[in-house]
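Here are my notes on the model, point by point. Have the viewer open while you read.

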Amino acid sequence: MRRARVVHAESFWSTETAVGSLIDRDTMTRYEARGLRDCVALAGGTSAVRRVGIVGIGAGRELPEIHAALPDAEIVGWDISEPMVDACRRRIADRSLDRCSAERGDVAELRDGGPFDMLVAFNAALCYPQPAGRRAAAFANTAHLLRPGGVLMAVLQQRNARPDWALWFAARRAIRRIGLLRVDPDDHLSVLDGTAVPVHHYSPGELRRMAAEAGYAEVRIESIRAMGRRLGFAVPWRSPNPVVMTAIR
């Protein structure tokens, strides 16, 4: 079996296979919809949210529902992949989504365009910057783009999502401590059509630290399984069980 080639996130998400896998997706998940509603409320309600940024917008599957929830807001989406941006622009045109735009942008380098009332990152966008210094820059840039009191809502992969994952990451950390692993032990490779990209998996403590260092306060972190128990919907055992984080600048 041929080993997958590890590439940068821009290359990974620019392949025809990657773009094609997202073009036909057109809905938000239940936990994303709830996270969006909570984020709007924290930002002051629909009347207070005039500008929204979407980090890692991909082909724009979430855009129609965000537009419907905030029809008077200007919505700007960024993605590291130019082919994804092109696909998102086609969706905007096909759906006649006024006040919406898509641009090419790397969250680890994104500093211009603010201030925004809200930023959302549904698609694990803050898990892809490599190495750790670029992840810190990505968090700092999201805070820079927000107005004071603005809200970030992000969906992120976590190390302790499931018992088997927790053991796997713990083993990698042990191997790293004795010098037998050179890569980040908290990364996991996502593989698609012969290419792979490292995806960082956070712990709640790591997220709180990075958010605080970026200038955020009132950080809230909840796994989608915990959210499901609280709100009465089931999450399959084999789900990646990411966390939803909201943070106020």
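1. First, a term: a residue is called buried under 20% relative accessible area, exposed over 50%, and partly exposed in between, with a 1.4 Å probe and protein chains only. F12, at a relative accessible area of 1%, is therefore buried. This is a predicted model, where local features need pLDDT of at least 70 and side-chain atom pairs count only at pLDDT 80 or more, while totals for chains, interfaces and linings use all residues. Residues are numbered from 1 along each chain as its sequence is written, and side-chain values use heavy atoms, leaving out hydrogens and water.

2. On to the rings. Rings of Phe, Tyr and Trp (its six-membered ring) pair if their centres lie within 6.5 Å; planes under 30 degrees apart are stacked, over 60 edge-to-face, and the rest tilted. That rule gives 5 aromatic pairs. One of them is F12 with W13: the centres are 5.0 Å apart and the planes stand at 85°, so this pair is edge-to-face. W13 with Y128 is edge-to-face too, because the planes are at 90°, with the centres 6.0 Å apart.

3. Where do W13 and Y128 lie? W13 is in the loop between α1 (9-12) and α2 (16-23), and Y128 is in the loop between β5 (116-121) and α6 (132-145), so the pair ties together parts 115 residues apart in sequence. Helices (H or I, at least four residues) and strands (E, at least two) are DSSP runs, numbered from the N terminus. Y128 is buried, with a relative accessible area of 16%. Ring pairs link F12, W13 and Y128 into a cluster.

4. R51 lies over the face of F116, 4.2 Å from the ring centre. R162 has its charged end over the ring of W237, at 5.0 Å from the centre.

5. Now a helix pair. α3 (residues 30-42) and α9 (residues 224-231) pack at an angle of about 80°, with axes 11 Å apart; axes are lines fitted to C-alpha atoms, for helices over the stretch in contact, and angles run from 0 to 180 degrees between N-to-C directions. α3 and α9 are therefore roughly perpendicular, the word for 65 to 115 degrees (under 35 is roughly parallel, over 145 roughly antiparallel, the rest oblique). In the contact (heavy atoms within 4.5 Å), R30, Y31 and R34 of α3 meet I224, M227, R230 and L231 of α9.

6. Have a look around L146, in strand β6 (residues 146-156). L146 is buried, at 2% relative accessible area. Leaving aside residues up to four places away in sequence, L146 touches P115, F116, D117, M118, L119, V151, L152, Y216 and R249. L146 and D117 are 29 residues apart in sequence, yet 6.0 Å apart in space, C-alpha to C-alpha.

7. Finally, some backbone geometry to check. Most residues other than glycine have a negative phi, and most peptide bonds are trans. The G114 to P115 bond is cis, with omega near 0°, and Q130 to P131 is cis as well, with omega about -5°. A124 is not a glycine, yet has a positive phi of about 55°; A124 is buried at 8% relative accessibility. D193 has a phi near 55° and is exposed, with a relative accessible area of 60%.

How values were computed:
A charge sits over a ring if NZ of Lys or CZ of Arg is within 6 Å of the ring centre and within 35 degrees of the ring normal.
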